[in-house]
Amino acid sequence: MPTADKIADLRNEVEGLSAASPTAQDLMKSMVKLLHDRMLKYNWVGFYMLEPGAQPPVLVLGAFEGAMTPHTRIPLNQGICGAAASSGRTVVVDDVSKDPRYLACSLETKSEIVVPVFVRGKVAGELDIDSHFPAAFTPEDQELVQFCAAVVGKKLENSRS
Ligand code: SME
């Protein structure tokens, strides 16, 4: 479990990245790198964003760190990613082999968290993290990932106003 100090440090660093990033895209790139480099159990970290205007809606792979994934476009009725985006809720899966919604990205993945990114109250995308460790995402991790997603949402709001 990450210590409270480590989480506090990361939150500060994420805020620093946001202040230093000219665009939301820059922020997402540096954020996935920070989380992937610093959190031992975060083995794949990436953003999926809703394609503007797409009907039916589709999530498109954005900035990520980790192995390439075959899932570069995910409809909202598919995967854990689709479930989080369509419900607007964080989804934590402790054992992906037991979740029928799971779309496999790597054979090594054991657990996953997906947190929606909101822009003016609407889902604009999500932050997806896979782990090679079972049940890697504690409530503390969940809070950290939700914080990161909220910082990106704010950046997007500011850049679209
Ligand atoms: N596992 C996800 C697909 C994306 S990859 O993990 C990168 C899902 O079930 O939606």
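Helix α3 spans residues 79-87 and is mostly covered, with 7 of its 9 residues buried; buried here means under 20% relative accessible area, exposed over 50% and partly exposed in between, with a 1.4 Å probe and protein chains only. Helices (H or I, at least four residues) and strands (E, at least two) are DSSP runs, numbered from the N terminus. This is a predicted model, in which local features need pLDDT of at least 70 and side-chain atom pairs count only at pLDDT 80 or more, while totals for chains, interfaces and linings use all residues. Residues are numbered from 1 along each chain as its sequence is written, and side-chain values use heavy atoms, with hydrogens and water left out.

The buried residues of α3 are Gly79, Ile80, Cys81, Gly82, Ala83, Ala84 and Ala85. Their cover includes the strands β1 (44-50), β2 (58-65), β3 (73-75), β4 (91-93), β5 (111-119) and β6 (122-131). Just after α3, Gly88 has a positive phi of about 70°.

Strand β6 holds Glu126. Glu126 is buried, with a relative accessible area of 0%. Leaving aside residues up to four places away in sequence, Glu126 touches Cys81, Ala84 and Ala85, and also Gly46, Phe47, Tyr48, Met49, Leu59, Val114, Val115, Pro116 and Val117; contact means heavy atoms within 4.5 Å. Between Glu126 and Met49 there are 6.3 Å in space, C-alpha to C-alpha, although the two are 77 residues apart in sequence.

Helix α1 covers residues 4-20. Its 17 residues reach 24 Å from first C-alpha to last, close to the 24 Å expected at 1.5 Å a residue, where the expected span is 1.5 Å times one less than the number of residues. Ile7, Leu10, Val14 and Ser18 of α1 are buried. Seen down the axis of α1, these buried residues fall within an arc of 80°, so they line one face of the helix; the arc is that of the directions from the helix axis to the C-beta atoms. An α-helix has 3.6 residues a turn, so residues three or four places apart point the same way. The face of α1 turned away from the buried side carries the exposed residues Asp5, Asn12, Ala19 and Ala20.

The buried residues of α1 pack against α2 (24-38) and α4 (139-159). The axes of α1 and α2 lie 10 Å apart at an angle of about 160°; axes are lines fitted to C-alpha atoms, for helices over the stretch in contact, and angles run from 0 to 180 degrees between N-to-C directions. The two helices, α1 and α2, are therefore roughly antiparallel, a term for angles over 145 degrees. To this contact α1 contributes Lys6, Leu10, Glu13, Val14, Leu17 and Ser18, and α2 contributes Leu27, Ser30, Met31, Leu34 and Arg38.

How values were computed:
Parallel < 35°, antiparallel > 145°, perpendicular 65-115°, else oblique.
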